Structure formats: C-alpha cells, structure tokens
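User: I'd like to go through this structure and check what the labels on it rest on. Can we take them one at a time?

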Amino acid sequence: MNGKKKMCPCGSGKEYQHCCGPILTKEKFARTAKELMRSRYTANVEQHVEHLFASWHSITRPKGMNIDYNRWSGLRILDTVAGGPKDETGEVEFKALYLQGEMQGVLHERSRFCREDGQWVYLDGEILESSLTEPGKVGRNSPCPCGSGKKYKKCCLR
C-alpha cells in the first residue's frame, strides 16, 4: 500500500480496521443496530455474502441471494430508533447509492433489527424509495441523489 489508510466504505469516516472490518471477520460483534447496518452495507460493497447471511435473522433469511449486480457507492444514515447496546430491537433508516450497469440508483429503507442468540441481526425492512436514474442525469455539481443537500461530487461521488 502507498501509506494511505483504507477508509471504511460505510461512510463513518473511520478506518476500515477500526470500523466494519473486525465485524466482517468475526473479531467482534456489532454493539448496536446502526453498527450492524453499516457492516451489512460494507458487506454488500465487498460482496461478503457470509456476513450478510450470518447477520440476517434465521426466520427471514432468504435461501440465496445475488449481490454482484450492484456497485454500492455511498451510505447515509438518516435516523435510528433504539438499537443501542442494551436494547433488544431497533430501526435504522438509510439511503444507499449504487450503480446498476450505467444507471445510478438510490435505495431508501427503514430496516428493523433485533437480537438473536444475543447478537444484533437484520429482521426485515420497508423500502421507502427505490429509483434508478439514467446515465449523465447526475452531474458532479448536481444535488446528491441520497438527499444530503450536498453536491454529488462532495457527497457520494467520492
């Protein structure tokens, strides 16, 4: 490596080794629903299917999934309800940007989490918005599709 530290794809601003990395490698468990949400986003970025399955509630976990068709490019946490270290349930609302082929997409979801065997797991979620934009419709100086209010180049383009 050229001396640059690898930043975590989840957008926390932390280095990968001090954020989602240890959760994906099972060195530690997520302490909160929000941490689990961030690690699941990172697992999608890295196509780490094992973590996605392991962190999905056994009752709602799908038999199989395909995660190789999207390139995830940004996560913004909008709201959390409960989901702390001492809670049993929690919700995390987020917007995630992705590329599907040449199309720019936004997934806006309110996810529900609970504990299973003492660990945070994803239970299910309500998709609030899912959209694809034609290529060239989101310019560097356009408002970011994630809804942050920032320009695309200062937000999810990076």
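Analyst: Here is a run of questions and answers on how the terms apply.

Analyst: First the ground rules: this is a predicted model, where local features need pLDDT of at least 70 and side-chain atom pairs count only at pLDDT 80 or more, while totals for chains, interfaces and linings use all residues. Residues are numbered from 1 along each chain as its sequence is written, and side-chain values use heavy atoms, with hydrogens and water left out.

User: What makes up the pattern along the sequence?

Analyst: Read along the sequence, it goes α-α-α-β-β-β-β, that is, 3 helices and 4 strands.

User: Why are β1 and β4 called edge strands?

Analyst: The open sheet runs β1-β2-β3-β4 with antiparallel pairing. β1 (71-82) and β4 (119-133) each pair on one side only. The twist averages 20 degrees from one strand to the next, with axes fitted to C-alpha atoms (for helices, over the stretch in contact) and angles running from 0 to 180 degrees between N-to-C directions. Helix α2 (residues 33-46) packs on this sheet, touching β1, β2, β3 (103-116) and β4, and its direction makes about 165 degrees with that of β1.

User: Why is Thr 32 called buried?

Analyst: Buried means under 20% relative accessible area (exposed is over 50%, partly exposed in between, with a 1.4 Å probe and protein chains only). Thr 32 has 17%, so it counts as buried. Thr 32 sits in the loop between α1 and α2. Leaving aside neighbours within four places in sequence, Thr 32 is in contact (heavy atoms within 4.5 Å) with Gly 83, Gly 84, Pro 85 and Trp 120.

User: What makes the nonpolar core a core?

Analyst: The set has to be buried Ala, Val, Leu, Ile, Met, Phe, Trp, Tyr and Cys residues joined through side-chain atoms within 4.5 Å. The largest one here has 26 residues, and Leu 75 and Phe 113 are among those with the most contacts inside it. The largest share, 5 residues, comes from α2.

User: Why is the pair of Trp 72 and Tyr 98 called tilted?

Analyst: Rings of Phe, Tyr and Trp (its six-membered ring) pair if their centres lie within 6.5 Å; planes under 30 degrees apart are stacked, over 60 edge-to-face, and the rest tilted. Here the centres are 5.0 Å apart and the planes at 55 degrees, so tilted it is. Trp 72 is in β1 and Tyr 98 in β2, so the pair ties together parts 26 residues apart in sequence.

User: What makes the pair of Phe 113 and Tyr 122 edge-to-face?

Analyst: The angle between the planes is 70 degrees, with 5.8 Å centre to centre. Phe 113 is buried at 2% relative accessibility, and Tyr 122 is buried at 11%.

Terms used. Pairing = 2+ DSSP bridges. Helix = DSSP H or I, 4+ residues; strand = E, 2+ residues; numbered from the N terminus.
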